[in-house]
Amino acid sequence: MGKLEKKVTLITGAGSGIGKATAKKFADEDAIVIVQDFDKESAEEVAGDLKGQGHLAIGGDVSNEEEMKHVFSEVADKYSSLDVLVNNAGISGGPEGLSSITYESFMRMLEVHIGGTFICTQAALPLMSEGGSIVNLSSIAGLAGWGPVHYASAKGAILGFTRSSARELGGLGIRINSVAPGVVETPMTEELDDSLLSPLVMMTPLGRIGQADEIASTILYLASDDSSFVTGQWISPNGGLITI
Ligand SMILES: NC(=O)c1ccc[n+]([C@@H]2O[C@H](COP(=O)([O-])OP(=O)(O)OC[C@H]3O[C@@H](n4cnc5c(N)ncnc54)[C@H](O)[C@@H]3O)[C@@H](O)[C@H]2O)c1
């Protein structure tokens with residue numbers, strides 16, 4: 001029996017990278033996976049390749065409240081309840097610094113990451129009950145300031161959101177935690193300049209960047225009953241780059 005046997009799980013941004021690896025890991029643990037992504041074609045492709053039955057692909061922009069209401073009402077109609085939500089959808093920041101970044105791109109970063117996390121969590125709650133688990137993707141950018149300022153701000157906000165929500169949701173028996181990965185090999189990072197990556201790898205005790213499947217394993221731990229006494233926390237799979 002898998003660790004997520006018959007659990008209805010929804011992963012945002014699951015058409016690629018960490019979300020895609022998490023969808024696969026969850027399905028391998030016998031979950032029913034709702035693969036949500038802005039790019040519906042990728043979501044359909046991922047859902048079609050998963051082990052088991054009953055999976056679903058849904059499109060939509062996590063930062064659009066109306067679209068997400070529609071997504072969660074489709075989930076309610078089809079499954080009646082939701083056991084696990086992974087707020088994973090994200091966009092990367094360009095190399096701009098504080099002096100050149102536009103207000104518009106700063107706000108877009110907040111909208112997708114923390115806005116999307118808020119919208120999806122709020123929309124998911126009526127479907128969740130005792131034993132439910134929410135996992136939010138932060139980053140070492142949010143923990144320690146690595147990465148551009150808009151991205152770091154958005155990822156830092158997710159840590160505060162998680163801590164505060166844990167206090168509120170504990171009484172309902174719903175856990176909520178963050179995963180704050182270091183640099184991981186995904187389409188998001190494939191364009192990162194080697195001059196940025198090489199020093200990072202040199203400073204990383206394990207001497208390499210992470211793989212999406214390794215982050216999915218951390219997400220699985222937080223989603224499953226293996227972490228039944230863990231809430232309001234963050235875990236940072238980062239190869240030892242940051243140790244706090
Ligand atoms: N790759 C890394 O090094 C790394 C490190 C730390 C944290 N993260 C975080 O992990 C998460 C996944 O990143 P990844 O590396 O797999 O990226 P990725 O680019 O491979 O995948 C992100 C997915 O999110 C989807 N998406 C983007 N905006 C969306 C929106 N508004 N609504 C719905 N879907 C949307 C994209 O279509 C894409 O499929 C992100 O939140 C990212 O910030 C990544």
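Predicted model: local features only at pLDDT ≥ 70, side-chain atom pairs only at ≥ 80, totals over all residues.
Asp-61 joins Arg-108 and Glu-111 in a network of salt bridges.

**Other salt bridges.** I found 9 salt bridges listed for the structure. One of them pairs Lys-3 with Asp-226, with the closest N and O atoms 2.7 Å apart. This pair links distant parts of the chain, 223 residues apart: Lys-3 is in the segment before strand 1, and Asp-226 is in the loop between helix 8 (212-223) and strand 9 (234-235). Lys-3 is partly exposed at 41%, and Asp-226 is partly exposed at 47%.

I then checked Lys-24 and Asp-28, whose side chains form a salt bridge of 3.0 Å, N to O. Both lie in helix 1 (residues 17-28), 4 residues apart, about one turn of the helix.

**Negative patch.** Which residues form the negative surface patch? I wrote down Asp-39, Glu-41, Glu-45 and Asp-49. Glu-45 belongs to helix 2 (residues 40-49). Its relative accessibility is 58%, over the 50% cut-off, so I count Glu-45 as exposed.

**Positive phi.** I looked for the backbone angle of Lys-6 and found a positive phi of about 60°, although Lys-6 is not a glycine. Lys-6 is in the segment before strand 1 (8-11) and is exposed at 64%. Ser-80, also not a glycine, has a positive phi of about 70°. I placed Ser-80 in the loop between helix 3 (65-79) and strand 4 (84-87); Ser-80 is exposed at 57%.

Notes. Residues numbered from 1 in each chain as written. Heavy atoms only, no water. Helix = DSSP H or I, 4+ residues; strand = E, 2+ residues; numbered from the N terminus. Buried < 20%, exposed > 50% of the residue type's maximum accessible area, 1.4 Å probe, protein only. Patch = residues over 30% accessible without salt bridge, like charges linked within 9 Å, V, L, I, M, F, W, Y side chains within 5 Å. Areas by Shrake-Rupley, 256 points an atom, 1.4 Å probe, with all protein chains shown as cover. Salt bridge = Lys/Arg side-chain N within 4 Å of Asp/Glu carboxyl O. Lys, Arg positive; Asp, Glu negative; His and termini not counted. Charge placed at Lys NZ, Arg CZ, Asp CG, Glu CD.
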